[in-house]
Amino acid sequence: MSKTFYITTPIYYVNDVPHIGHAYTTIAADVIARFRRLCGDRTFFLTGTDEHGQKIERTARNSGEEPIELADRVVLRFQNLWEKLGITNDDFIRTTEERHKKAVAQIFRTIEEKGDIYLGEYEGWYDVRNEAFITETQLEEYMSLPESTRPPIEKVKEQSYFFRLSNYQAPLLDYYEKNPDFIQPSYRSNEVIRFVEGGLKDLSVSRTTFSWGIPVPGNPKHVIYVWFDALTNYIAAAGFPDDMKRFNETWPADIHLVGKDILRFHAVYWPAFLMSAGISLPRMIFAHGWWTFEGEKMSKSLGNVVDPYMVIDEFGVDVFRYFLLREIPFGQDGDYSRTAIIGRINGELANGLGNLVSRSLGMIERYFESRIPTPGSLELPDLNIKEKTIQMVKQVEESINEIEFHKALTAIWDYISIVNKYVDESAPWSLAKAGNRQRLGTVLWTLIESIRVIAILLYPFIPVSAENIWKKIGIPKRLDSQRFSSAKLWGISTPGSQITKGENLFPRHEDK
Ligand code: MSP
């Protein structure tokens, strides 16, 4: 059995209100999953919610609910958003599910039996908002932040289980060295390596001052630290420990997609836990950047958190997906603004892509009664388009494999410009006037071929519009049953098939 392609997003804190940052990671993972399926892979695309911990317990108590009642109620905010965004996750894991609790207890026990967990006492600071223990160095950083943005931290002194993270400094550094692609992009890898080189202290992995969590096996006064709990979701959903057959076909994860703020948990703690438990390590951890809003950090207190539902309602799902992936190189930080979105719609979606599709189909409608014409022999400009298509498809494939979405989209849009220029230069309207039907047919058929390839390539990014284009060009088989390899073939559109021009793909927007 070939290995399933396994991609994950982080599991989101269930009581957070989903925003553009959450949507970003999930859309990016969806693009990769859709692309892998086009390539013929079986995928396991996982997302879910992180439901334990002190923060959730407190929020629930404050609203007079049990934590599980709160979680059951608010988990729908995420699930509904993913549905609305066309996210094709194969599974959704909640850390309050039995399968997850079982996996956490199991890996905890395994690590304890290995001698890497011991009982001690933790005395220090804890950041409840981020569910993180604060080291001395981090404490200095915290104190240097302005009070309004500083997450509240609390002094804690309690009995705690510790994980012998200090034993894993050398094995981790050795692993990073032998697997230079493990942490991506490479500039983030250096940050992690420097952190580990600075020395690793043992990590507190249990708490006793609250109860909303998974009990430590054999000592239920303790609940397992929320990050130890949460990270385990990645193996729990893959079948560990009950369905080891599926686990072995799925694990290791091919990509853990995460935001740069939680890279350390994924690239240091998680591999150390796995090494200790004797489980193989994920193949890659990719950390993306952060979105700001019109130049400012997004935060609940500033009231400037971008609500994905509002963006979708105004512009549509595909515009949102396109904007997030096109605006900035994946990995770097970016700024969200309405003006920037409208610029992309008018310049690229409406003028570039929309215009190409509507003018091409408009001419087939007008000159060939909406039937795809039969091409004559290809001339230099047509052969040039064929050549450019092949180059572009190669570039897109490479860019998606390198997780460089903006490069893939730039390549597609550069190509769209080339094809639009080909229309201008071939001037089909003049060919029609001159009665040169054969040449006219060849040009319009070439355009249909280009549009067919564009639809396949856009399917992972903007699936609704890609399907829409596909229907317009009248290919009976569904787009999601296509293979990426058919984008590499030239000349497979069937003359005589019926096209439908229909509505424009992207209405233009005014910036109010
Ligand atoms: N529950 C943990 C993850 C556990 S994974 C085993 C968590 N959840 S979170 O809901 O706070 O954040 C989830 C993801 O959203 C992170 O990858 C984070 O980087 C991302 N983002 C949150 N705000 C963001 C932006 N403003 N911009 C981009 N991504 C951001 O952390």
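So, R264 lies over the face of F195, at 3.7 Å from the ring centre. The rule for a charge over a ring is that NZ of Lys or CZ of Arg sits within 6 Å of the ring centre and within 35 degrees of the ring normal. R36 does this too, over the face of F5, at 5.1 Å from the ring centre.

Before I go on, some ground rules. This is a predicted model, with local features needing pLDDT of at least 70 and side-chain atom pairs counting only at pLDDT 80 or more, while totals for chains, interfaces and linings use all residues. Residues are numbered from 1 along each chain as its sequence is written, and side-chain values use heavy atoms, with hydrogens and water left out.

Okay, rings on rings. Rings of Phe, Tyr and Trp (for Trp, the six-membered ring) pair if their centres lie within 6.5 Å; planes under 30 degrees apart are stacked, over 60 edge-to-face, and the rest tilted. That rule gives 32 aromatic pairs here. Take F108 and F228: their ring centres are 5.5 Å apart and their planes are at 70 degrees, so this pair is edge-to-face. F108 is in helix α4 (residues 98-113) and F228 in helix α8 (residues 226-231), so to speak a link between distant parts of the chain, 120 residues apart. Helices here are DSSP runs (H or I, at least four residues), strands are E runs of at least two, and both are numbered from the N terminus.

Buried means under 20% relative accessible area, exposed over 50%, and partly exposed in between, using a 1.4 Å probe and protein chains only.

Next pair: Y322 and W413 have ring centres 4.8 Å apart and planes at 50 degrees, so we call it tilted. Again distant parts of the chain are linked, with Y322 in helix α13 (residues 317-327) and W413 in helix α16 (residues 405-426), 91 residues apart. Y322 is buried at 1%, and W413 is buried at 7%. There's also an aromatic cluster, whose members include Y24, W291, F323 and F461.

On to the sheet. Four strands make an open sheet in the order β5-β4-β6-β8, with antiparallel pairing. β5 (132-134) and β8 (203-204) are the edges; each has a single partner strand, so one side of each has no neighbour in the sheet. Strands pair if DSSP finds at least two bridges between them, and β4 (residues 117-127) and β5 have three, in the antiparallel sense. In that region, Y126 stands opposite F133 in β5.

Now helix α19 (residues 463-472): how many of its 10 residues are buried? Seven, so to speak mostly covered. Among them are P463, I469 and W470, and also E467 and K472. The cover includes α1 (20-38), α13, α14 (338-368) and α18 (437-458). After α19 comes G474, with a positive phi near 70 degrees.

Zooming out, the protein has 19 helices and 16 strands. Its radius of gyration is 26 Å, close to the 24 Å from the globule rule for 512 residues, so it is as compact as a globular protein of that length. That radius is taken over C-alpha atoms, and the rule is 2.2 Å times the number of residues to the power 0.38. Buried residues make up 58% of the 512.

Definitions and conventions
Contact means heavy atoms within 4.5 Å.
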